[in-house]
Amino acid sequence: MAGYEYVSPEQLAGFDKYKYSAVDTNPLSLYIMHPFWNTIVKVFPTWLAPNLITFSGFLLVVFNFLLMAYFDPDFYASAPGYKHVPDWVWIVVGILNFIAYTLDGVDGKQARRTNSSTPLGELFDHGLDSWSCVYFVVTVYSIFGRGPSGVSVFVLYLLLWVVLFSFILSHWEKYNTGILFLPWGYDISQVTISFVYIVTAIVGVEAWLCVMCDSSNEFIKLFQHGSFSRLQIF
């Protein structure tokens, strides 16, 4: 594996002509996050490498995963009758998740600000993002957990595939079009996840379990009363 040629000479030669091109139409990004990131990036000194910002954000994501794995190793901490994750952990995870999201948003701005944007920097950034997809989903899973009132591990597996497939699909589209159309789900999910962590520290995991139980009961009632029999498929 060490002697395998992952990038051909022709592909390496294409790096000199490559130019990053992305389209972001998410209102949350355009009107809130990008102005915020434009302000934050000015705080960083110009000698700070963009890749260091990228890697620092990734380390925060990994730290959140390890912290949650310590307090909830088997994903049963949110189940009734089990010792729950301390409230301060949710606060820390929520804050660090938003900081990691912010660093992921400013690393590219820092690269363009310092005229150090390169294809390898983008590869490094998006390569770490692909790993973060796993850590994000698994860490959030601890809010609901396993057990009769939680979410099954199989559902977690499906969610992981949905997130990873969306990530791969976006980059496959870029490979063919030359433009990365940034999905709305990323920014919305990161802000929502950070907010949910903080709310969980305030109201407790029981609040989410009640919401899930109520939703399940309503679904069962609708099914029992034949409400779905009136649905037509065209």
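**A pocket, a cavity and helical segments**

Start with the second largest pocket, whose volume is about 720 Å³. A pocket here is an open set of points on a 1 Å grid over the protein atoms alone, with protein on both sides within 12 Å along at least five of seven lines; points join across faces, edges and corners, and volume is the space filled by probe spheres set on them. This is a predicted model: local features need pLDDT of at least 70, side-chain atom pairs pLDDT 80 or more, while totals for chains, interfaces and linings use all residues. Residues are numbered from 1 along each chain, and side-chain values use heavy atoms, without hydrogens and water.

Select Tyr18, Glu122, Leu123, Lys174 and Tyr175: of the 18 lining residues (an atom within 4 Å of a point), these lie nearest the pocket's centre. Helices H5 (119–144) and H6 (153–177) each supply at least two lining residues; helices are DSSP runs of H or I, at least four residues, numbered from the N terminus.

Next, which residues line the largest cavity? Select Val61, Asn64, Val93, Asn97, Tyr135, Phe136, Thr139 and Tyr197. Here a 1.4 Å probe fits but cannot get out, and the volume is about 50 Å³. H5 gives the most to this lining, with three residues.

Finally, select 52–73 and 151–172, among the segments that an unreviewed UniProt entry lists as "transmembrane region"; such annotations may be inferred rather than shown by experiment. Residues 52–73 are 91% helix, with end C-alpha atoms 30 Å apart. For 151–172, helix is 91% and the ends are 31 Å apart.
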